[in-house]
Amino acid sequence: MYEFDTLAVIGDGSSGYEDAVSPPIFQTSTFGGGREYSYTRLSNPTRACLERELALLEHGRHAFAFSSGLSAVNSVFSLLKSGDRVLISDDLYGGTYRMATRLFSRYGISFEFIDTSDAQNVENYLKTGAKMLFTESPTNPMMKVAPLEALARLCKRHSTLFVVDNTFLTPCFQNPLDLGADVVLHSATKYLSGHHDTVAGALVTDNDAVAEELRVISMTLGNALSPFDSWLVLRGLRTLPMRMEKHQKNAFAAAEYLKTHDAVESVVYPGLPEHRGYAVSVSQSRGFGGVVSFTVRDVKTAKRLINGGKIIKFAESLGGFRSLITYPITQTHSSIPREICESIGITDRLLRLSVGLESECDIVKDLKAMLDE
Ligand SMILES: Cc1ncc(COP(=O)(O)O)c(C=O)c1O
């Protein structure tokens, strides 16, 4: 087996058409001839190429590409049925919270939001039975780290399906299936595509029965990724390893700088040895990613930061080439009630920085200019 950097570049070695180095975009809704492909909602050669490569990178045998990360969440929740109980990380992307509380709870599925960074806490909940455990790691935006191997063992013991949202680290830095997870989820809008030019999602699993259900769910919901967007994600994958290294290098520089500034109260980045999840991170991941969250001392400073800087742009999303600053309380996490947000640290003084690929000196200079009065 080749190294990750090589696999990201060469994929599985088969673009499926004329030995093309860059896979062609099969921009067609339908196929004649009654052969492997019939209709693009069901399958498409460009999407299939992406799915093979995602499976390869995430060490699973089956992958599904969706029209967004939230579509992937919708699909994995569609494995559930009325009466099922789901345990889900209390800190997570607001859209996933909305999917659970506004949509799937209507169908008699119950969701309990719990701290998944503590295996003992999770076990206490698992003892009374749960169909699914869903966690991000690190979580968005508080960067809590879940001990994935321990949680996977507990899930096996209690026959609970274990789903991990690996958006923040990507397979470059973390392979949840190797740690015992059943399904890995991605917002491919972020690092996998990496260029702020597409919205996409993915699920990867090694479980044949789950894969068969997901195949039916995807073709029935009609939420599979388009050929062109599949191609954009494929193009992003080629540079994923080098981008992740640079995102991480810049994130360290930003986190270290933020720690020194008087206007900053606290910084959360799993790469800092003082981070609560540092030891677990080191034991299960090969990197810490490019997202840094921080709390400033007063709301006035937070408001100044959200005007953005010369380089750092105030915009939702993360994982692309450009540094973006986000105000979770009014943006990504606005669907979560204020009191819940505040109880886990998402206050009106919290900002999330997705550190881009610019020069680290310029990023730090921009942060300084934004933070200084
Ligand atoms: C961790 C995480 N998972 C899932 C999603 C949803 O992805 P998308 O915006 O591609 O629907 C997001 C979006 O920000 C996210 O941050």
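**Chatting through the salt bridges, a helix and a sheet**

Me: Hi! How many salt bridges does the count come to?
Reply: Hello! The count comes to 18 salt bridges. Keep in mind that this is a predicted model.

Me: Nice. Which residue forms a salt bridge with Arg238?
Reply: That would be Glu53, and the closest N and O atoms of the two are 2.7 Å apart. Arg238 lies in the loop between α9 (227–237) and α10 (240–260), while Glu53 is in helix α2 (residues 45–58), so the pair ties together parts that are 185 residues apart in sequence.

Me: And Glu53, is that one buried or exposed?
Reply: Glu53 counts as buried, because its relative accessibility is 4%. Arg238 has 21% relative accessibility, so it counts as partly exposed. The cut-off for buried is under 20%.

Me: OK, what about Asp208? Which side chain does it meet in a salt bridge?
Reply: The side chain of Asp208 meets that of Arg61, at 2.9 Å from N to O. This pair links distant parts of the chain too: Asp208 is in helix α8 (residues 208–221), Arg61 is in the loop between α2 and β1 (62–66), and they are 147 residues apart. Asp208 counts as partly exposed, at 44% relative accessibility.

Me: One more pair, then. Where does Lys259 sit, and where is its partner?
Reply: Lys259 is in helix α10, and Glu274 is in the loop between β8 (264–268) and α11, 15 residues apart. The closest N and O atoms of this salt bridge are 3.0 Å apart. Lys259 itself is partly exposed, with a relative accessible area of 37%.

Me: Changing topic: which residues of α6 are buried?
Reply: In helix α6, residues 148–157, the buried ones are Leu148, Leu151, Ala152, Leu154 and Cys155. Looking down the axis of α6, these buried residues fall within an arc of 165°, so they line one face of the helix.

Me: Why would residues a few places apart point the same way?
Reply: An α-helix has 3.6 residues a turn, so residues three or four places apart point the same way.

Me: What do the buried residues of α6 pack against?
Reply: They pack against α5 (119–126), β4 (132–136), β5 (161–165) and α11 (278–284).

Me: And which residues are exposed on the other side of α6?
Reply: Arg153, Lys156 and Arg157 are exposed there. Just after α6 you'll also find Ser159, which takes a positive phi of about 50°.

Me: Now the surface. Which residues make the nonpolar patch?
Reply: Tyr2, Val9 and Ile10 make a nonpolar surface patch of about 300 Å². Val9 is found in helix α1, residues 4–10. Val9 is partly exposed, with a relative accessible area of 47%.

Me: Last topic, the open sheet. In what order do its five strands come?
Reply: The order is β8-β9-β12-β11-β10, and the pairing is mixed.

Me: Which are the edge strands?
Reply: β8 and β10 (313–314) are the edge strands, since each pairs on one side only.

Me: How many bridges join β10 to β11?
Reply: Two bridges join β10 to β11 (residues 324–326), and these strands run parallel. To see one of the partners, find Lys313: its bridge partner in β11 is Leu324.

Key
Residues numbered from 1 in each chain as written. Predicted model: local features only at pLDDT ≥ 70, side-chain atom pairs only at ≥ 80, totals over all residues. Heavy atoms only, no water. Buried < 20%, exposed > 50% of the residue type's maximum accessible area, 1.4 Å probe, protein only. Helix = DSSP H or I, 4+ residues; strand = E, 2+ residues; numbered from the N terminus. Arc of directions from axis to C-beta. Contact = heavy atoms within 4.5 Å. Patch = residues over 30% accessible without salt bridge, like charges linked within 9 Å, V, L, I, M, F, W, Y side chains within 5 Å. Areas by Shrake-Rupley, 256 points an atom, 1.4 Å probe, with all protein chains shown as cover. Salt bridge = Lys/Arg side-chain N within 4 Å of Asp/Glu carboxyl O. Pairing = 2+ DSSP bridges.
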